[in-house]
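Subject: Structure handover

Hello,

Here is the structure for you to look through. My notes follow below it.

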Amino acid sequence: GFHELQEVMDLRNLLRVVVEPLDEMAVLGLLRSPLVGLSDNAFVALCSPAGEAGAARTLSAALAGADAEDEAGLDVEDAQRLRQARELVADLRAHAELPLPAFLRRVLIRSGCESILLAQDFLGVQKALNARKVADLAERFTGAAASRLAAFVRYLDDIAAGGIREGDAPMQVEGAQSVTLMTIHKSKGLEFPVVALPDLARKPKASRAEDLLLDRELGPALRITGPDGASVEREIRYLVARRDAELDAAEHARILYVAMTRARDWLLLAGAVGTKGTAGSWFGYLDGHWDLAGRRDGDTLEGAGWRAVVRREAARLEPGDGAAAERGEPSDEVVAARIAPVQPAGSAKTTFSVTELLPVMAKESDTAGPAGVAAAPVDEGLDARLRGTLVHRLFEKWGFGPGGRPDVAGLVRRECADGRHWDAATAALTAIADRFAETEVFELLATQRAIRRETPFLLRVGDALVSGTVDAMLDDLSVVDYKTGRRTPGHHAAYEWQVRLYAAAVRALTGQMPPAGWLCYVDAERPEDLVSRVDVSPERIDEAIGRAHEAIEHLRQGPPQAREEDVG
């Protein structure tokens with residue numbers, strides 16, 4: 001089944017490591033998969049005890065590590081692959097709050113999964129399409145409400161554990177001028193304009209003459225050997241064998257019905273009658289009903305809603321025939337059109353994340369071009385992605401009232417698998433909490449009866465849906481968005497459009513105008529740069545929706561797989 005395919009299990013392991021970095025089996029599956037590709041010798045080195053009296057190391061600790069000690073015993077290639085795996089997992093964990101469809105697209109791009117699979121000689125294209133189907137499953141799983149990555153991973157695991165069968169991703173693109181070859185079982189539930197069923201005169205494989213036959217009602221029927229060594233057939237065995245043959249014939253007819261009903265407009269039934277007859281074959285069934293073998297070329301058959309023509313001979317095209325001239329050597333223009341590069345079709349995508357739209361919404365007139373939407377990083381010797389994840393968790397857990405600040409050290413230990421970062425991360429988060437506690441937004445948050453945190457939304461813009469998550473929504477529907485990094489004029493203008501889209505979603509969901517929007521730069525050095533109020537007037541919100549519509553149309557023009565920045 002689809003969920004037991006190796007390429008699907010590799011993606012599941014990667015997603016599980018993002019959700020639960022201490023899952024040793026998932027880490028093992030990821031590191032051994034083509035996404036990382038560590039050698040067997042690398043696993044021996046990584047799991048060997050550290051020092052003579054040291055305890056054996058775990059793979060999750062090796063994946064979370066970041067210095068030469070974790071790479072002891074690895075050759076240059078394995079060490080490089082391990083570092084790339086660390087960067088991949090850290091990047092995905094930092095963006096795990098993206099809407100599921102956008103996050104899965106990021107997974108495919110950052111891991112290079114599709115390129116790796118396409119490079120494989122055996123079924124490379126099919127495997128790449130299967131990987132993309134996992135991203136499509138995330139789109140369907142999300143549906144009309146935003147869903148968490150952890151829930152999606154559990155969903156995939158439950159389907160795999162339940163043995164639910166599902167076919168590979170279809171290789172035929174809808175509307176493409178191509179022919180698809182597939183088994184009848186694979187075609188169930190599908191429909192095609194034209195269907196051809198070849199070799200109808202081929203007989204089904206004969207059942208094996210087994211010594212033991214079983215029937216649900218009649219019980220077992222044994223083949224008995226007599227005193228002379230000859231086989232003795234009892235009446236019960238004849239009866240069971242005949243019932244088996246009837247069931248096989250009914251199943252054979254059912255499969256033929258499935259195959260024929262895949263056709264929407266035209267159905268071609270083809271078969272060459274051999275010298276041994278056609279009894280028992282699909283052609284035999286049809287011949288017994290309509291006497292096909294006795295009909296002449298061009299004879300017609302008709303029924304309720306259908307008409308068939310019998311063809312006994314292939315059409316011959318003689319030289320000078322008008323049809324032959326039409327089908328002769330193609331012109332230079334036709335050849336040029338056939339060998340020209342395939343033009344990418346416009347995307348039919350219907351769901352976009354705010355993160356995808358923001359680089360396109362930020363225009364040069366805002367002093368922030370498409371590359372100007374990332375805040376200036378803070379250098380504390382701590383990985384920027386890990387730092388962003390920890391800051392996000394801090395504000396998610398903070399109660400803001402007296403005694404409401406979470407245990408920063410405990411939070412760091414839960415979220416960071418590598419203990420060497422604990423002290424630096426704890427100090428960084430404590431400094432952020434101290435700075436934020438002196439702001440007017442903190443005082444505002446402390447007065448709220450209830451704060452709606454991490455509120456997901458879907459906002460309709462034209463014929464598309466825009467998804468996102470509001471960091472905090474207050475009692476009066478004001479929206480607050482937290483940002484790490486230092487404030488600059490360029491990215492601040494872009495982030496203002498993000499807050500206005502959040503305000504548009506609140507207006508659409510509640511029917512009320514949010515009175516205020518706030519941007520909080522938790523790393524700002526100057527108090528005046530830490531908090532900024534955003535204009536969320538109706539005019540500015542409408543302008544944000546207009547820009548979002550333009551950004552959606554822009555993203556639909558080109559192939560999504562070529563736009564890595566769309567999911568940044």
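Start with helix H14. Its buried residues are Val-354, Glu-356, Leu-357, Leu-358, Pro-359 and Met-361. Buried means under 20% relative accessible area, exposed means over 50%, and partly exposed lies in between (1.4 Å probe, protein chains only). H14 spans residues 354-361, and six of its eight residues are buried, so the helix is largely enclosed by the rest of the structure. Those buried residues pack against helix H6 (100-111), strand S9 (351-353), strand S10 (452-461), strand S11 (464-473), H19 and H21. Contact here means heavy atoms within 4.5 Å. Helices (H or I, at least four residues) and strands (E, at least two) are DSSP runs, numbered from the N terminus.

Some ground rules. This is a predicted model, where local features need pLDDT of at least 70, side-chain atom pairs count only at pLDDT 80 or more, and totals for chains, interfaces and linings use all residues. Residues are numbered from 1 along each chain as its sequence is written, and side-chain values use heavy atoms, with hydrogens and water left out.

Now the whole chain. The protein chain has 21 helices and 14 strands. Of its 568 residues, 40% are buried. Among contacts with a separation of 6 or more, 64% join residues 24 or more positions apart.

The axes of H19 (residues 489-510) and H21 (residues 538-557) come within 9 Å and cross at roughly 105°. That makes H19 roughly perpendicular to H21. The term covers 65 to 115 degrees; under 35 counts as roughly parallel, over 145 as roughly antiparallel and the rest as oblique. Axes are lines fitted to C-alpha atoms, for helices over the stretch in contact, with angles from 0 to 180 degrees between N-to-C directions. On the H19 side, the contact includes Trp-497, Arg-500 and Leu-501. On the H21 side, Pro-538, Arg-540 and Ile-541 are among the residues involved.

Asp-481 sits in strand S12 (residues 479-483). Its relative accessible area is 2%, so Asp-481 is buried. Leaving aside neighbours within four places in sequence, Asp-481 is in contact with Asp-471, Gln-498, Val-499, Tyr-502, Trp-518, Leu-519 and Cys-520.

Last, the aromatics. Rings of Phe, Tyr and Trp (its six-membered ring) pair if their centres lie within 6.5 Å; planes under 30 degrees apart count as stacked, over 60 as edge-to-face and the rest as tilted. The count comes to 14 aromatic pairs. Trp-290 and Trp-306 form an edge-to-face pair, 5.8 Å centre to centre with 80° between the planes. Trp-290 lies in helix H11 (residues 282-290) and Trp-306 in strand S8 (residues 306-309), 16 residues apart. Trp-290 is partly exposed at 29% relative accessible area. Trp-306 is also partly exposed, at 36%.

Phe-400 and Phe-436 form a tilted pair: 6.3 Å centre to centre, 55° between the planes. Phe-400 is in the loop between helix H15 (384-397) and helix H16 (408-415), while Phe-436 is in helix H17 (residues 422-436). Phe-400 is buried at 1%, and Phe-436 is buried at 1%. Phe-400 and Phe-436 belong to one aromatic cluster with Phe-395, Trp-398, Phe-442 and Tyr-482.

Best wishes
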